[in-house]
Amino acid sequence: MTDPRTAGPVPGAPAGPGAPPASRQAPPPPGWAPRQPASRAGWGPGLRGSRADLRAGLITVLALTVAGLGAGALWAWLAPRVDYRVTEGQLVPVVGVPSAEVFMADDGVYVLVLAGLGLAAGVLVWLVRSHRGVPALVGLATGMVGAGVVAWQLGEWLGAGPTEAELTEVGATVTTGVDLGATAALAVGPFVAVLTYLVATALTPDDDLGRPDDGAPRPEHQLPLRPPLPPVPPAAPRRL
């Protein structure tokens, strides 16, 4: 058996007269909850809410690709074309002698149309504050590539040149087609769109691209900080 004189104090038993008073932490007041640190849903500035940003980037790609249909129709409408009359052995211009610049103007009109679309796309994507960041920039560049390809194919289809049968029909009038000679012009749209977005990013004074921080708690939802309460001394034991 253990000698009670050498044994330590029993857990939960009141301390003796000579023992130092044990400190007890005061219970928290009603309705108090510990303050949780702000958590973010992404991987850093420009990548917060990555799932929603990825969805917005895909929508941007689809929207710009569809916008390429309008750009292609506008290109086919604005591109200069020349009318010829088919004779025996050659084609004769209907009005005067066409300039050599006319056959290069198709590329120039295409560049201007795609540059205008890229400028508008860069501004519109930047104005969507809730989805700024890297996914928006990648979606913008990819969408403008798709818009350029769609505009290229649609413009050449709407402004198709004369067929072999039409060129052999003497007395018929044919019109030159719309053709993109320099495929490097496809890079103009993405370049202008990305440049517009980057210029807007450089001009903004906010490090978070000016987008709202959905992961951080709002000030009205935060509980005020309370200073720690001093320890309450235990009650003095009663003397019999």
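A word on the ground rules. This is a predicted model, where local features need pLDDT of at least 70, side-chain atom pairs count only at pLDDT 80 or more, and totals for chains, interfaces and linings use all residues. Residues are numbered from 1 along each chain as its sequence is written, and side-chain values use heavy atoms, with hydrogens and water left out.

**The chain as a whole**

Of the 240 residues in the protein chain, 26% are buried; buried means under 20% relative accessible area, exposed over 50%, and partly exposed in between (1.4 Å probe, protein chains only). Contact means heavy atoms within 4.5 Å. Among contacts between residues at least 6 apart in sequence, 82% join residues at least 24 apart.

Two packed helices are described by the angle between their axes and the distance between the axes. Axes are lines fitted to C-alpha atoms, for helices over the stretch in contact, and angles run from 0 to 180 degrees between N-to-C directions.

| Helix pair | Angle | Distance between axes |
|---|---|---|
| α1 and α3 | about 25° | 6 Å |
| α2 and α3 | about 155° | 11 Å |
| α3 and α5 | about 155° | 8 Å |

Angles under 35 degrees count as roughly parallel, over 145 as roughly antiparallel, 65 to 115 as roughly perpendicular and the rest as oblique. So α1 and α3 are roughly parallel to each other. A crossing is left-handed if the near helix is turned anticlockwise from the far one by less than a right angle, and right-handed if clockwise; α1 passes α3 in a right-handed crossing. The residues where α1 touches α3 split into 17 nonpolar, 10 polar and 2 charged. For these classes, Ala, Val, Leu, Ile, Met, Phe, Trp, Tyr, Cys and Pro count as nonpolar, Asp, Glu, Lys and Arg as charged, and the others, Gly among them, as polar.

Next, the α2 and α3 pair: these two helices are roughly antiparallel to each other, and their crossing is right-handed. On the α2 side, the contact is made by Tyr-110, Leu-114, Leu-117, Gly-118, Ala-121, Gly-122 and Val-125, and on the α3 side by Ala-136, Leu-140, Met-144, Ala-147, Gly-148, Ala-151 and Trp-152. By class, that gives 11 nonpolar, 3 polar and no charged residues.

With α5, α3 is again roughly antiparallel, and the crossing of α3 and α5 is right-handed. Ala-136, Leu-137, Leu-140, Ala-141, Met-144 and Val-145 of α3 meet Gly-189, Pro-190, Ala-193, Val-194, Tyr-197 and Leu-198 of α5. This contact of α3 with α5 has 11 nonpolar residues, 1 polar and no charged.

α2 has 23 residues and reaches 33 Å from its first C-alpha to its last, close to the 33 Å expected at 1.5 Å a residue. The expected span of a helix is 1.5 Å times one less than its number of residues. Buried residues in α2 include Asp-106, Asp-107, Val-109, Tyr-110, Val-113 and Trp-126, and what covers the buried residues of α2 includes α1, α3 and α5.

For α5 (residues 188–203), the 16 residues should span 22 Å, and the end C-alpha atoms are 23 Å apart, which agrees. Gly-189, Pro-190, Val-192, Ala-193, Thr-196, Tyr-197 and Ala-200 of α5 are buried. These buried residues pack against α2 (105–127) and α3 (134–158).

Leaving out residues up to four places away in sequence, Ala-147 touches Leu-64, Thr-65, Gly-68, Leu-114 and Leu-117.

Thr-60 sits in helix α1 (residues 50–78) and is buried, with a relative accessible area of 17%. Not counting residues up to four places away in sequence, Thr-60 touches Val-125, Gly-139 and Leu-140.

Leu-112, in helix α2, is exposed, with a relative accessible area of 65%. Leu-112 and Val-188 are 76 residues apart in sequence and 8.8 Å apart in space, C-alpha to C-alpha.

How values were computed
Helices (H or I, at least four residues) and strands (E, at least two) are DSSP runs, numbered from the N terminus.
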